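Open the model in a viewer and keep the selection tool at hand. The stops below go from charged pairs to a pocket and then to a surface patch.

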Amino acid sequence: MESKKPTFPFVIRSKPMLDVLHKMQMVCDVSATVLLLGESGVGKEIAARAIHNMGNRSDGPFIPVNCGAIPENLIESELFGYVEGAFTSARKEGAKGKFTLAHKGILFLDEVGELPLNVQVKLLRVLQERVVTPIGSTTSHPVDIQVIAATNKSLEKMVKKGEFREDLYYRLHVVPIHLPPLRNRVDEIPHLVQFFLQKYNTLYNRKVAFTPDAIDLLCIYQWPGNVRELENTVERLVITSGIPEVDVALVTEVLPFKGPIPPS
């Protein structure tokens, strides 16, 4: 298969992430449902956007939905849309749902484990039949989409507890891709630091650099917040350093290291 490189910024310098990239390349030109798994902050949305940009749906929309951020009483109308008069506060002209907006593209369902059980039933039907019925309507319309779901939860455990539908779990679990935590891909940390340095130096019109010892120290930190925490740390240091080079002392001021710091 011809190798494809993601056009969306996606730093890959480790064997675990090369394996992830290979799986992403296999699914980017098909419509199979993908389930991205991994801890919070590992880059699941970035991976989903990379699949979109590498694949044959790159000219279509990429519609992200954070299932955990939408109130339970609104999630169904957000996903499936509604027609005029569907409920008291409905717009007169109705509204298209995210599934319809993602037609010919990709719908990214982040934090899919947060979906209420009653919405899971309707989602299962859409995945099976590729048709959407807006709230208040008796008419269904087809949608041509690829669904990428993501979660940092164990859906298997949720199924056993009755918190997630088993049939939906298997419908989502067609192509699972696990993104490893940053502590398991230390080789990428120096490259990620440089990527974020360039980003925030440009954004804030700064010329901050990191000393080699500072980068080494970043490589031994455990990063419970993963790539998101690393990016936030680099941004903070670019803004607050006050000197051209970030050294070990500055890094230890912003990161909660436990125990003695290894000597430089």
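A salt bridge here is a side-chain nitrogen of Lys or Arg within 4 Å of a carboxyl oxygen of Asp or Glu. The model is predicted, and it holds 12 salt bridges.

Select D167 and R165 to begin: their side chains meet in a salt bridge, at 2.7 Å from N to O. D167 is partly exposed, with a relative accessible area of 32%, and R165 is partly exposed as well, at 29%.

Next, select E231 and K199, a salt bridge whose closest N and O atoms are 2.7 Å apart. E231 belongs to helix α10 and K199 to helix α8, so this pair ties together parts that are 32 residues apart in sequence. E231 counts as buried at 17% relative accessibility, whereas K199 is partly exposed at 40%.

Move to helix α5 (residues 117–129), where E129 and R125 are four residues apart, about one helical turn. Their closest N and O atoms are 3.3 Å apart in a salt bridge. Then show R57, K104 and D144 together; a network of salt bridges links them.

For the largest pocket, centre the view on G41, V42, G43, K44 and I46, which lie nearest its centre among 27 lining residues. The space in this pocket is about 580 Å³. Helices α2 (44–54), α8 and α10 (226–240) each supply at least two residues of the lining, which divides into 11 nonpolar, six polar and 10 charged residues.

Finish with L203, Y204 and I239, a nonpolar surface patch with about 280 Å² of accessible area together. Y204 sits in helix α8 (residues 189–204) and is partly exposed, at 33% relative accessible area.

Technical notes: Residues are numbered from 1 along each chain as its sequence is written. This is a predicted model: local features need pLDDT of at least 70, side-chain atom pairs count only at pLDDT 80 or more; totals for chains, interfaces and linings use all residues. Side-chain values use heavy atoms; hydrogens and water are left out. Patches are made of residues with over 30% relative accessible area and no salt bridge: like charges are joined within 9 Å, nonpolar side chains (Val, Leu, Ile, Met, Phe, Trp, Tyr) within 5 Å. Accessible areas come from the Shrake-Rupley method with a 1.4 Å probe; for residues, only the protein chains shown count as cover. Buried means under 20% relative accessible area, exposed over 50%, partly exposed in between (1.4 Å probe, protein chains only). On a 1 Å grid over the protein atoms alone, a cavity is a set of points where a 1.4 Å probe fits but cannot get out, and a pocket is an open set with protein on both sides within 12 Å along at least five of seven lines; lining residues have an atom within 4 Å of a point. Grid points are joined across faces, edges and corners, and a volume is the space filled by probe spheres set on the points. Ala, Val, Leu, Ile, Met, Phe, Trp, Tyr, Cys and Pro count as nonpolar, Asp, Glu, Lys and Arg as charged, and the others, Gly among them, as polar.
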